[in-house]
Amino acid sequence: MLQAALRSGVASRRAVFEVFARHLPDGRRYGVVVGTGRLLEALRDFRFGEEELAFLRDNQVVDARTLDFLSGYRFSGDLYGYREGECYFPGSPIVTVEGTFAEAVLLETVILSILNHDCAIAGAASRMVHAAGSRPLIEMGSRRTHEMAAVAAARAAYVCGFASTSNLMAGHAYGVPTAGTAAHAFTLLHDSEEEAFQAQIDSLGAGTTLLVDTYDVAEAVRTGVELAGPDLGAVRLDSGDLAEVAHAVRKQLDALGAHKTRIIVTSDLDEYTIAALAAAPVDGYGVGTSLVTGSGAPTAALVYKLVAREDAEGVMRPVAKKSVGKPSRGGRKHAFRRLDASGTASAELVTVSGDRPADSRPLQAELVRGGEIVGWEELDAARERHRQAVAELPSTARQLARGYEAIPTVFDR
């Protein structure tokens with residue numbers, strides 16, 4: 001597209017692209033915007049170096065004129081978008097890209113690959129956090145996804161309320177708190193479970209978390225408390241009927257005087273199993289596979305569509321697809337969240353005029369101005385925003401059962 005546009009002379013025309021979802025994953029009540037910060041990092045570093053240019057040239061992917069354009073590529077346009085942690089709905093213009101066609105069209109894949117992944121993880125994470133209530137969640141999915149996706153997933157989960165991650169790179173790169181426990185291999189390595197527990201306690205202290213289901217749970221709990229004393233930090237359960245076992249372990253811990261020892265559960269948890277454990281004496285959850293795969297929705301199904309472009313006279317014109325089943329709406333959009341008298345969200349308002357409706361708050365913020373990033377923010381700000389955004393939604397938004405979007409999207413020209 002770029003090569004042909006350069007040849008025809010329209011590559012320099014001003015253009016507006018929007019990122020939005022036509023629908024939410026089946027049965028979800030809201031989506032969550034995460035990945036904007038990673039997108040800004042990627043945009044800052046989006047360049048074509050000698051190695052990339054050589055590949056394109058040697059494989060005759062593009063012609064010499066296009067190679068020359070790419071060699072000096074720098075995005076010099078503007079980006080607007082929903083802040084990280086914000087909720088979104090079908091049609092929400094979560095990112096708006098304004099620039100020349102040549103500059104903006106090159107960003108489609110990098111924008112969608114980041115946002116489709118991170119928003120999918122965030123949508124699942126938010127549901128899990130609600131299901132867990134006040135109990136903390138540890139993100140533990142690194143071994144179930146691509147190595148860099150694991151870091152992004154940990155970041156997204158933290159924005160949505162997870163307390164920590166077992167992925168140390170997420171801690172290094174983004175400051176996400178890190179935590180973890182021993183695996184069964186550590187116990188199996190030693191000549192006895194007692195020796196394994198003693199080695200762990202000697203190294204990490206009595207406040208450590210012991211994995212107690214390698215052999216016999218009751219025997220492991222007894223051994224752990226005998227070695228660490230009543231100040232044993234936690235025990236982890238990774239198999240069996242978690243609710244039933246948790247009740248038995250809590251009773252045993254209390255009988256041994258370890259009233260403060262916490263019970264952490266893992267084992268292929270998702271938002272539904274977490275909710276089912278609400279009445280069990282569980283103190284925290286470790287979630288892996290279901291989180292990093294979006295709990296059945298591994299993509300947010302976001303699209304990147306041209307909605308306005310400059311004509312031959314220099315006038316911006318709205319444009320839209322009319323494809324059967326996949327139409328788009330023309331014109332550069334502005335988004336607002338309508339609130340009722342109690343401060344509860346009642347609608348997602350998407351307008352072309354840009355006029356702010358009464359009793360609403362604007363949803364888009366300036367992220368990039370003239371190619372310069374102006375929308376950096378700390379991850380904890382996104383975390384707090386998400387807490388507020390979910391609290392603002394009607395109570396139906398937090399239902400795990402399949403249903404319609406929590407609020408309707410209303411389009412107004």
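UniProt annotations are given here in the numbering of this chain, with shortened feature names, and may be inferred rather than shown by experiment.

**Figure 1. The whole chain in the predicted model.** The protein chain has 413 residues, and 50% of them count as buried. Its secondary structure comes to 15 helices and 19 strands. The C-alpha trace spans about 85 × 60 × 35 Å along its principal axes. Among contacts in the chain with a separation of 6 or more, 72% join residues 24 or more positions apart.

**Figure 2. The annotated stretch at residues 1-116.** An unreviewed UniProt entry gives residues 1-116 the annotation "domain: Nicotinate phosphoribosyltransferase N-terminal".

**Figure 3. Helix α10 against helix α11.** Two packed helices are described by the angle between their axes and the distance between the axes. Helix α10 covers residues 193-204 and helix α11 covers residues 217-228. Their axes come within 10 Å and cross at roughly 40°. Because of this angle, α10 counts as oblique to α11. The crossing of α10 and α11 is right-handed. On the α10 side, the residues in contact are E193, E194, F197, Q198 and I201. On the α11 side, they are A220, T223, G224, L227 and A228. Sorted by class, the contact of α10 with α11 has five nonpolar, three polar and two charged residues.

**Figure 4. Helix α11 against helix α12.** Helix α12 covers residues 242-255. The axes of α11 and α12 come within 10 Å and cross at roughly 35°. The crossing of α11 and α12 is right-handed. From α11, the contact takes in V217, A218, V221, R222 and V225. From α12, the contact takes in V245, V249, Q252 and L253. By class, the contact of α11 with α12 has seven nonpolar residues, one polar and one charged.

**Figure 5. The surroundings of S295.** S295 lies in the loop between α14 (289-292) and β12 (302-310). Is S295 buried or exposed? The relative accessibility of S295 is 17%. A residue counts as buried when this value is under 20%, so S295 counts as buried. Leaving out residues up to four places away in sequence, S295 touches R28, A124, M128, D270, E271 and S290.

Note on methods. Residues numbered from 1 in each chain as written. Predicted model: local features only at pLDDT ≥ 70, side-chain atom pairs only at ≥ 80, totals over all residues. Heavy atoms only, no water. Axes fitted to C-alpha atoms, helices over the stretch in contact; angles between N-to-C directions. Helix = DSSP H or I, 4+ residues; strand = E, 2+ residues; numbered from the N terminus. Parallel < 35°, antiparallel > 145°, perpendicular 65-115°, else oblique. Left-handed = near helix turned anticlockwise from the far one by under 90°. Contact = heavy atoms within 4.5 Å. Nonpolar A, V, L, I, M, F, W, Y, C, P; charged D, E, K, R; others polar. Buried < 20%, exposed > 50% of the residue type's maximum accessible area, 1.4 Å probe, protein only.
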